[in-house]
Every structure is written in C-alpha cells, then in structure tokens.
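Biologist: Could you take me through one part of this model up close? I'd like to hear about the side chains and what sits around them.

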Amino acid sequence: MGIEQPLPHGLFARRARWLAEPADRSVSRTKSTPRVGVIAAGALVLASTVLIGIFVVRPSLSYALFVPLVVAAGLMLRGRLMATVLAYICVSFVVVSVVLRTGEFSDRVVSSALALGATVVIVALINRMWGRTGGVTQEVAANMLTDLRRRHEVQTHMPTLPEQWTLDTAVLPAHGEAFCGDVVVGCEVKGIFNAAVLDVSGKGSTAASRAVLLGGAVSGLLGALEPNRVLPATNDYLVRQGWTDGFATATHVAVNLESGAFCLGSAGHPAAVQFHAGTGRWEPLRTGAGVVLGILEDLDEADYPRLEGRLDRGDVLVLYSDGVVEHKDVDISQGIDRMLGVADREITASLDGSARRICEMARAGESDDRTVVVLKRD
C-alpha cells in the first residue's frame, strides 16, 4: 500500500483538499499536490491585482488591506511559491503607494511599507517554525499522518460475512476528531468470526496513538490464537510496552458462523448484550471480571473467564464501549438500560447504520469516544 497524497499545508488544508483530487484516480496524488498551491497563489495574486484597481478608484483606503493577503500567503503556501506571492504583493503595494498616487515616498508610505515588510518576515518565520516538528518536515509529517490514517482504516475494516449474517460497526471519536482511544478489529478465519472492541485510557492524540498500536497488535492475534488466549496475549503485549500512565480495556468475541455458538471474554470492559428473537428480550451478557490490560504481568486464561452462548436465527449481539453507556450523572446500569431501548428501536427499524445511530444517541454525546458493533444472524 502506497502513501496517499500529502495534506495541503496550513489553514488551507481541509477546505481545499478537494482541489487536489486528480481526475484520473490512477495518477499519483503526490504529483497533484502543487495544483492546490498554484490555485491558492493565483487567487492571492488576483486579489492583489484587484486591490490595485480598488486603490485607484478609492485612494482613501488604508494600506492595511494588503496585510490579510500576506497572512493568507503564509498560511496557505510555503517555500518558493510563498516567496513569489509575497514578492508580488509587496510590488503591488509599491505600485499603489508610489506610482498610482503621489509618485514619491511619503512618511505614510514608508511606515506602511515597514509594517508590511515586518508582517512578511513574521509570516515566513512562523511558517518555518511550524514546518518542522521534532526534526520532521511538515510535508513528511503530513505524508505520515495520511498514511497512518489510511492504514488505520484498513486495519479496522471488518470482514464480509456469509449471507446469513449481518454486521454493522461504528466508531465515533470525541469532538469529531480523526482518531480516538477506541478501536474495533475483526477477522474471519475458517468459519470463525473474531471481533474485539478496545478502549485505551486517556484522551487526545496520546490515547489515539496507543489505540492504533494496540489495534494493530490485536488484529494480528485474532485468528492466529485460540479465543481464550487472545486477551492474555494482549495483556502480555501491553505490559512489554511499559505504559507508565496508561492501560486498556477490551471485549473479545469469537463466533462460529455455522452453528452460531460463541464465546465472549472481557478485560475490564462492558461485555455485550444479546437480543433473543424467540422471547423478544435483551440480555446483558455478564462475563467474569477480567483484569484490565497492561497492569499486571503473567496473567493467563483463568484471569479472563469466558462466557459461552449461541446466536439463533434472528438473534443480535451488540458489543459497545463505555462511552455509549457511561455518564457522570447516570449509573452505568441505567446507561445500559437506555442503550438497550435505543438499540431495540434502531435495530428494529433498520440494521444498516444502526451502530452509528446508537452511538449518536449516547448520553455522553461528543464528550467521549463511542463504539458499537452489531452482529445479527438472519
């Protein structure tokens, strides 16, 4: 898998990303990146040219109108392209101030030129400082972040199940961030579907980076180990990482896609709930209290007891993270009851997209990461 297109720089990154999409998807995205800069530079040059015309019509306008263009050039562009646009803006300023007006350098022109020049220098220094973080250039960092995001999406992509099974998943980061401390991984090997919901302690980029690492490790364990060895092996991995201020919780389920039999294990995590089509009732699946991951060494299968069950025709299994049921003003049992009410309504209405709708209805809202996995045997 190759590296995706580097993100455009500065404030222009999100708004102009669509400009960099090549018409031919087979074309390397890296080659199309300068297109965004050229378009931005052209827009700034055009704006500067328009200003010249405005100054001719309205000579009383302030020279400060050039300052936003300078700031925009520093935020949108970098390197030679930024230098070229800044030089053009400065020349435009001189043309307006001297040629189109007095024909001489007045005190007002000189002071305004000094202010404009100082702004150019400040913008260039800020761009240079922001362009390097920890010895990595902004372009390289953008490449790495984009590639990491892509690899994270592939890593968390759930498998396609046989026709008699339907799977729906959703992970909603807190405050709409790109990454979060929750991660879902799954695979199907020899008729056994494995899925794990992981939740790393902490918030922000630190928790997100740990979640990506943990998700990659668990993704490799699923299907390669017996189900009862997955959580102990994950704990061994986290202990070796030596996280001094972090831990993780997890729920793991292994489902036989032919018989519907499953076994479920939890490591300090809300386990799961099952809808029984025969009775029309939801049942919380309470496994033994498995030890939180990454705290204690030398744990084995006995420290992560597993619950066995079966999914019959029409039954639904729901895995979820604590952000879906926990809230500072609500007891967790009440949070689970509320989630069951939402799940019953949303899954009955349509299984497609139900996981996301359950996440969106969480009482915690966007203040916490939310994850839901819905598995139904049709």
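Modeller: Let's start with the aromatic rings: searching the whole structure, which is a predicted model, turns up one aromatic pair. The partners are F275 and W282, with ring centres 5.2 Å apart. Their planes meet at 50°, so we call the pair tilted. F275 is buried, at 17% relative accessible area, and W282 is buried too, with a relative accessibility of 17%.

Now for D168, which sits in strand β3, the stretch covering residues 165-172. This residue is buried but makes no salt bridge. The nearest side chain of opposite charge belongs to R357, and that is 6.6 Å away, while a salt bridge needs the atoms to be within 4 Å. So what does the side chain of D168 have around it? One of its polar atoms lies 3.1 Å from the backbone nitrogen of S354. The backbone nitrogen of A355 is 2.9 Å from a polar atom of that side chain as well. Leaving out residues up to four places away in sequence, D168 touches a run of residues including L351, D352 and G353, and its contacts also include V372, V373 and V374.

Last, the cysteines. The disulfide count is zero. C180 is in no disulfide, and the nearest cysteine sulfur is that of C359, 9.9 Å away. That is too far for a bond, because a disulfide needs the two sulfur atoms within 2.5 Å. Both ends are tucked away from the surface by the accessibility numbers: C180 is buried at 9%, and C359 is buried at 0%.

How values were computed: Residues are numbered from 1 along each chain as its sequence is written. This is a predicted model: local features need pLDDT of at least 70, side-chain atom pairs count only at pLDDT 80 or more; totals for chains, interfaces and linings use all residues. Side-chain values use heavy atoms; hydrogens and water are left out. Buried means under 20% relative accessible area, exposed over 50%, partly exposed in between (1.4 Å probe, protein chains only). Rings of Phe, Tyr and Trp (its six-membered ring) pair if their centres lie within 6.5 Å; planes under 30 degrees apart count as stacked, over 60 as edge-to-face and the rest as tilted. Helices (H or I, at least four residues) and strands (E, at least two) are DSSP runs, numbered from the N terminus. Lys and Arg count as positive and Asp and Glu as negative; His and the chain ends are not counted. A polar contact is a pair of N or O atoms within 3.5 Å; within protein, one must be able to donate a hydrogen and the other to accept it, and residues adjacent in sequence count only if both atoms are side-chain atoms. Contact means heavy atoms within 4.5 Å.
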